[in-house]
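Dear colleague,

Here is the structure that I promised to hand over, together with some notes on what was found in it. Please keep it open beside this message while you read.

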Amino acid sequence: MRVLVVEDEAGLRESLRTQLVEAGFTVDVAQDGEEGLFAGLEFPLDVAIIDLGLPKLPGLELIKRLRAEGRTYPILILTARDRWQDKVEGLQAGADDYVVKPFHFEEVRARLQALLRRAGGWASPQLKCGPIVLDTRAQTVTVEGRPVELTTFEYRILEHLMLRAGEVISKTELTERLYDQDFERDSNVIEVFIGRLRRKLDPDERLKPIETLRGRGYRLALAREPA
Ligand code: CA
């Protein structure tokens, strides 16, 4: 999942970046509203964290511009002031949720995951597709109750596919949302990871969880199950 952090306080920005990377996100950062607008329009984001008090372009204005330009990814706002007006104005401008500073990183992480889940149409933190269960809190995967050991990158691909189960996701999109900007992008690598995921999730090729649509991408092909 690719997240943009727009925050002018360098210490907070860097600590969010570090912790989000550790939590498995691909992270872009911006230090003012103008940089945030550029990144928010140009990068293929899954979610954005936007501080309301920003130089150059205020957070509220940034959110309005992103929404006006048709960007629909979830936005979590950070506000230093525990004033109800800020939260209301932020939500009215098009944000989806808020966290009041100072916060614990775990709260930000939990809210981001809830936003991503809801954006994908999931109500519960456990994503179930057929016999595959992915727990977004524990970051574990089971198939028919059997635990499956995945590497971090395999997990991130599966989480992305399952959050948007039923949709076709192109190799380019997977590459852009799962690799950092400075990482060499080679979409052929995605094929290798998909092959490994298939072997781990479905060693005897009964379930066929991931469908390849030639020239279009991949789709998690098992039906979503209620939690
Ligand atoms: Ca600020």
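**The cavity**

The largest cavity holds about 120 Å³ of space. A cavity here is a set of points, on a 1 Å grid over the protein atoms alone, where a 1.4 Å probe fits but cannot get out, and its lining residues have an atom within 4 Å of a point; grid points are joined across faces, edges and corners, and a volume is the space filled by probe spheres set on the points. The lining of the largest cavity is made of 13 residues, of which M1, F25, Q113, Q139 and E159 are the closest to its centre. Helices (H or I, at least four residues) and strands (E, at least two) are DSSP runs, numbered from the N terminus. By type, the lining of the largest cavity divides into six nonpolar, five polar and two charged residues, where Ala, Val, Leu, Ile, Met, Phe, Trp, Tyr, Cys and Pro count as nonpolar, Asp, Glu, Lys and Arg as charged, and the others, Gly among them, as polar.

Before you read on, please note that this is a predicted model, in which local features need pLDDT of at least 70 and side-chain atom pairs count only at pLDDT 80 or more, while totals for chains, interfaces and linings use all residues. Residues are numbered from 1 along each chain as its sequence is written, and side-chain values use heavy atoms, with hydrogens and water left out.

**The largest pocket**

A pocket, unlike a cavity, is an open set of points with protein on both sides within 12 Å along at least five of seven lines. About 310 Å³ of space lies in the largest pocket, which is lined by 17 residues, with L45, D46, Y73, P74 and R177 nearest its centre. Its lining divides into ten nonpolar, two polar and five charged residues.

**The calcium site**

Which residues coordinate the calcium ion? They are D8 and D51, each through OD, and G53 through O, at 2.2 to 2.3 Å; donors are N, O and S atoms within 2.8 Å of the metal (3.2 Å for Na, K and Ca), and water is not among the atoms, so sites may look incomplete. D8 lies in the loop between β1 (2-6) and α1 (10-22), and G53 in the loop between β3 (47-51) and α3 (59-68), so the pair ties together parts that are 45 residues apart in sequence. D8 is partly exposed at 32% relative accessibility, and G53 is partly exposed at 40%; buried means under 20% relative accessible area, exposed over 50%, and partly exposed in between (1.4 Å probe, protein chains only).

R13, which lies in helix α1, is buried with a relative accessible area of 10%. Apart from its neighbours within four places in sequence, R13 is in contact (heavy atoms within 4.5 Å) with V5, E7, D8, V29, A30 and Q31.

The buried residues of α3 are G59, L62, I63 and L66. They cover an arc of only 95° around the axis, which puts them on the same side of α3; the arc is that of the directions from the helix axis to the C-beta atoms. These buried residues pack against β1, α2 (33-42), β3, β4 (75-79) and α4 (84-93). After α3 comes G70, whose phi is positive, near 90°.

Y155 lies in helix α6 (residues 152-163) and counts as buried at 6% relative accessibility. Not counting residues up to four places away in sequence, Y155 touches L134, D135, T136, Q139, T140, V141 and L150.

**Backbone points to check**

Most residues other than glycine have a negative phi, and most peptide bonds are trans. The peptide bond from K101 to P102 is cis, with omega near -5°, and P102 is found in the loop between β5 (97-100) and α5. E144, in the loop between β8 (140-143) and β9 (146-148), has a positive phi near 50° and is partly exposed, with a relative accessible area of 49%. K208, in the loop between α8 (187-201) and β10 (210-213), has a positive phi near 45° and is exposed, with a relative accessible area of 53%.

With best wishes
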